[in-house]
Structures are given as C-alpha cells and as structure tokens.
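Q: I have a model open on my screen and would like a close look at a single part of it. Could you walk me through that part and what surrounds it?

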Amino acid sequence: MAKMSREEILQEIINAIYDCQPELEGTAITENTNINTELGIDSMGMILIICRLEANFDVKVPQDEWDGLSTLSDVVTAFESRME
C-alpha cells in the first residue's frame, strides 16, 4: 500500500466506523473523539472495526494494544506507525 497521510488514515478509519456502525453515519468524528464514551462503540464493535482496518491497511495491531486505543488519534497512530 502506498504511503498514506495521517489525514487519509483518519478518513479510512472514520469510513470503517461508519461501515461497521451504520447508526453513526453523519456523526461528526475527529481525531479527539473518544470511541467508547462519545461514540458508544463497545468492545465487540471495536474488534470489528480493528479487524476491518487491519485488512484494509494490511497491517496487524497486537491485540494487547487494543485496550489502549481510546481516541481516534490513538487508532490513527497505531496504524500509521506500522505502515511506515
């Protein structure tokens, strides 16, 4: 996969959230958005999103790091650092 900018990665993550959680379509999501408290995505929803992103980006985020991903910024950083 070609090098993506942080903004492109963020947009891919937002698209994955909308795909996996269609009820959130149209909700404003930024890098500072908290996935659990602001979006109401539970652990199963998060697993679905992370797995979708791992497939889309062709990278693996170790499962023991998933609990530390609370904001979109955390998720962007987790994928961005593995895509370099």
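Where is Asp58 found?

A: Happy to take you there. Asp58 is found in the loop between H2 and H3. Before going further, a word on the ground rules: this is a predicted model, in which local features need pLDDT of at least 70, side-chain atom pairs count only at pLDDT 80 or more, and totals for chains, interfaces and linings use all residues. Residues are numbered from 1 along each chain as its sequence is written, and side-chain values use heavy atoms, with hydrogens and water left out. The helix names come from DSSP runs (H or I, at least four residues, for helices; E, at least two, for strands), numbered from the N terminus.

Asp58 has a positive phi of about 55° although it is not a glycine. As background, most residues other than glycine have a negative phi. Asp58 counts as exposed because its relative accessible area is 70%; the scale here is buried under 20% relative accessible area, exposed over 50%, and partly exposed in between, with a 1.4 Å probe and protein chains only.

Now look at Phe57, which is buried, as is Phe79. One aromatic pair is counted in the model, and its partners are Phe57 and Phe79, with ring centres 5.3 Å apart and planes at 50°, so the pair is tilted. The rule behind that word pairs rings of Phe, Tyr and Trp (its six-membered ring) if their centres lie within 6.5 Å, and calls planes under 30 degrees apart stacked, over 60 edge-to-face and the rest tilted. The pair links distant parts of the chain, since Phe57 sits in helix H2 and Phe79 in helix H3, 22 residues apart.

Glu54 is also placed in helix H2. Glu54 is classed as buried because its relative accessible area is 9%. Leaving out residues up to four places away in sequence, Glu54 touches Val59, Lys60, Val61, Trp66 and Phe79, where contact means heavy atoms within 4.5 Å.

Phe79 leads us into helix H3, which spans residues 72–82 and has Leu72, Val75, Val76, Ala78, Phe79 and Glu80 buried. These buried residues pack against helix H1 (6–20) and helix H2 (43–57). Next comes the packing of H1 with H3. Their axes come within 10 Å and cross at roughly 115°; axes are lines fitted to C-alpha atoms, for helices over the stretch in contact, and angles run from 0 to 180 degrees between N-to-C directions. On the H1 side, Arg6, Ile9, Leu10, Ile13 and Ile17 meet Leu72, Ser73, Val75, Val76, Thr77, Phe79 and Glu80 in H3.

Thr33 lies in the loop between H1 and H2 and counts as buried because its relative accessible area is 5%. Apart from residues up to four places away in sequence, Thr33 touches Ala28, Glu38, Leu39, Ser70, Thr71 and Leu72.

Last, the cysteines, in case you are planning around them. The structure holds zero disulfides, a disulfide being a pair of cysteine sulfur atoms within 2.5 Å. Cys20 is in no disulfide, and the nearest cysteine sulfur, that of Cys51, is 9.2 Å away. Cys20 is placed in helix H1 and counts as buried because its relative accessibility is 11%, while Cys51 counts as partly exposed because its relative accessibility is 38%. Beyond its neighbours within four places in sequence, Cys20 is in contact with Leu48, Ile49 and Arg52.
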